[in-house]
Amino acid sequence: MTVTFLILAGVTIVGMAAAMSLRNLVHCVLSLTLGLVGLAGLFLELDAQFVGFTQILVYVGAVAILAMFAVMMTRGAAQQQESRPTSVRISGVLIAGGVFLVLAWAMCHGLMTLGAPVQPEAEVKQIGVALMRSYVLPLEVIGLLLTAALIGAGVIAMEEKRGAR
Amino acid sequence: MLGEGILKGLTETARNFFGSYVDDERLTTVQYPEERLEQIEATRDFPFLVYDGEDWEKGMRCVSCQICEKECPPKCISIEKSKDKKPDATGKAQFYPAKFDIDISVCMSCQICVEVCPFDAIKMDVVYELSTEDRFGGLLLNKEQLSKSNEYYNKIHPTEAGAVDAALAAEREKARQAAAAKAAEAKPAATAVVGAAAVERDGTK
Amino acid sequence: MNGSVRMAGTADQIFVLVKQWLMGYVPGALQPLASAVLSVVPVLLVFPLLFAITTVLERKGLGRIQNRYGPNRAGFFGILQPMADGIKSLTKEDIIPRSADHLVHLLAPLLLVVASFLVYAVLPIGRNMVIANLNAGVLFFFAIGSMVELAVFMAGWSSRSKYSLLGAMRAIAQMISYEMPLVLSAVVVIMAAGSLSTVTIVTMQATYTGIWPHWYVFTPWGLMGFVLFMIAATAESNRSPFDLPEGESEIIAGYYIEYSGFKFALFFLGEYLGMFATSAMAITLFLGGWAAPFSFLTWIPSYIWFFVKLLALIMAFIWVRGTLPRLRMDQLMNFAWKFMLPMSLVNILCAGVWHFMAAGFVRWVVVAVLVAGTCYLLSQRLKRGKRVAVRTYRFAS
């Protein structure tokens, strides 16, 4: 555990926590972005340059902006959120804690069985080969799904426009 | 072809770019403090007060009728009437402005004051380098600063001033004749009533 | 002969040698830090200086294009104008709107400038002159470049002004639309070079056949990719004719309207740094980076070639700005989605065809016909339904 890791982990956790707890939705999205940048930094620290930069490109460059757009268009930016009842909060904390425990157990277990850490293999070429050879079917299915979603979004938007006229 | 118009535009701007270095005729800019554009005769910016003769206080044409003050759209003129009277441009005893201020930071150069003035006392100036370090007091011109001679008026707006001078000369001539007639009438034991009627006629004119 | 080559080599590597010489005096523990500082500080000095020079060049160039003089008062021929502008913006009052989101309002220009500076880390300015030779350098460039959008949005939203929000919305719609063609037009080079590292890409282009260099722009797909990249770069840096986000006549200054003083200057700096960076990336990808255009000109130091190319592209930007009027929003979007995106996708296909065909004349013809044909068809499609006619006026004629 190096200093860099601690800083990056801190940034990620603070960003994500702020994303959950801040009142202003735009602030939430901004702190979520901060958390995602921290995550990208963690990838970089693991020498996975491609994954790290893709994380920034996709999440900071596209997803955060889309989330911003969504927030702006739903007029949620200016409104204050009403506080949730205690039961919802407690159940939320319980579920999150449960998920964390399961993940932590899985990771620790994995680390135990794995033994010595292997050199990470996340070179651009390896990723490309993996995507185009062993994972070509999932890739195509996801591509199809996203295209369908895109067309669907277009259809919905056009429908609305016609109704407005 | 796509981009044809863009290429045409690019050649045009390139021609301008190089042409402006080769041919000084192309350059439309005037290098202001060193060279200035000639002003046209109808140039106007802020009003000034015209006086006849040498002494600005004595020759002031303004009779403090305050029409301009009332008509001024942005209300930049402020006049205080005098208590006593002094002879005006035609020699008649009239009030004169004890105070005449124009705030040229408010003035919008509409020339309405000039249009409404029955005495040709306020006219438009052509000076334009009026910047000052005092943004309030420096731009509030008083009677003395506003007063400029009739010769100056003739210099900046010759045609207009010629017409005004001719009209004023006619007025003066009429006033002189009226005075002469009055004097002639007064000689053969004129009554005070006739004199008063003459004054009244003059006043209504 | 040999001596002159060595001399040329020394001139070429002078900055690298100076850095090595300076590093000799640094104690071992501080070596990484000192190395970073020695690499970063020149970039932090040179490119803002280039920004200052560009502002005055741009104003003078635009002036000449419009038959004016441009700035010629401050200093000899107005060369001290950027200094005067800098002093002015430093001494001006820093106004923050009362209803603004203060923290975000402050962070936006900083994020913009930081992101704009970060991308210079992977740009090879000369032979062996790059701050960080990353394996995924090109990806790093686009990833950091996409952070600019976030800064723009933060600026527009935090100002709480209708104009800045409109400007930010326009800017983001435009940047997202043109980011895809930007990245996709760079993909052809990555395919050809087989690497995401900017240094490798430039090294691949720095070879010669006879006197002719192997720049990617001298292939059909490379030329098309370069044109697409430059158009997309113009849109990404919000420059005319794609300056809708800051269209003065409509929304005054767009997303940075509520900024004043030095923060405004920071936006300006960030914008110009972004423009330089995308130009430098275009040079790296298509124009051979620091490589000389002819083999007999290699004796001129590599960094000089880089800056000559950069200045040429900046001039082109200024020229285009002085020529073209602003696009309409629908024209902008139509152009991005109906021309740029399909064209860059087809361009990738062409690069693939080029890659798998045997080298020779046939390959040239096939790929050139593919590229030009697609370009023609797409442009016909773009023009369809738009009849250009001479406008008639009822009264003015």
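## A salt bridge within chain C

C:Asp243 and C:Arg326 form a salt bridge, with their closest N and O atoms 3.0 Å apart. C:Asp243 sits in the loop between helix H10 (220-236) and helix H11 (248-251) of chain C, and C:Arg326 in the loop between helix H13 (302-323) and helix H14 (329-356), so the pair ties together parts that are 83 residues apart in sequence. This is a predicted model. C:Asp243 is buried, at 11% relative accessible area, whereas C:Arg326 is partly exposed, at 24%.

## Salt bridges in chain B

Over all chains, the count of salt bridges is 17. In one of them, B:Asp52 pairs with B:Arg172, the closest N and O atoms being 3.3 Å apart. B:Asp52 has a relative accessible area of 17% and is buried; B:Arg172, at 32%, is partly exposed. Both residues belong to a network in which salt bridges with shared partners join B:Asp52, B:Arg61, B:Asp165 and B:Arg172.

Another salt bridge in chain B links the side chains of B:Asp120 and B:Lys123 at 3.2 Å, N to O. B:Lys123 is buried, with a relative accessible area of 4%.

## Contact between chains B and C

Chain B contributes 18 residues to the contact and chain C contributes 16. About 1,700 Å² is buried between the two chains, 60% of it from carbon and sulfur atoms.

One salt bridge is found across this interface. It joins the side chains of B:Glu34 and C:Arg73, at 3.1 Å from N to O. Nine residue pairs are in polar contact across the interface of chain B and chain C. On the side of chain B that touches chain C there are nine nonpolar, seven polar and two charged residues.

## Fold of chain C

Chain C contains 15 helices and two strands. Its radius of gyration is 23 Å, close to the 21 Å that the globule rule gives for 397 residues, so chain C is as compact as a globular protein of that length. The C-alpha trace spans about 75 × 60 × 40 Å along its principal axes. Of the 397 residues in chain C, 52% are buried.

## Surroundings of C:Ser161

C:Ser161 lies in the loop between helix H7 (147-158) and helix H8 (162-193) of chain C. C:Ser161 is buried, at 11% relative accessible area. Its side chain reaches the backbone nitrogen of C:Tyr163 at 3.3 Å. Leaving aside residues up to four places away in sequence, C:Ser161 touches C:Ile257 and C:Glu258.

How values were computed. Residues are numbered from 1 along each chain as its sequence is written. Chains are lettered from A and ligands numbered from 1 in the order in which they are written. This is a predicted model: local features need pLDDT of at least 70, side-chain atom pairs count only at pLDDT 80 or more; totals for chains, interfaces and linings use all residues. Side-chain values use heavy atoms; hydrogens and water are left out. Contact means heavy atoms within 4.5 Å. Buried area is the accessible area (1.4 Å probe) that two parts lose on being put together, summed over both. A salt bridge is a side-chain nitrogen of Lys or Arg within 4 Å of a carboxyl oxygen of Asp or Glu. A polar contact is a pair of N or O atoms within 3.5 Å; within protein, one must be able to donate a hydrogen and the other to accept it, and residues adjacent in sequence count only if both atoms are side-chain atoms. Ala, Val, Leu, Ile, Met, Phe, Trp, Tyr, Cys and Pro count as nonpolar, Asp, Glu, Lys and Arg as charged, and the others, Gly among them, as polar. Helices (H or I, at least four residues) and strands (E, at least two) are DSSP runs, numbered from the N terminus. The radius of gyration is taken over C-alpha atoms; the globule rule is 2.2 Å times the number of residues to the power 0.38. Buried means under 20% relative accessible area, exposed over 50%, partly exposed in between (1.4 Å probe, protein chains only).
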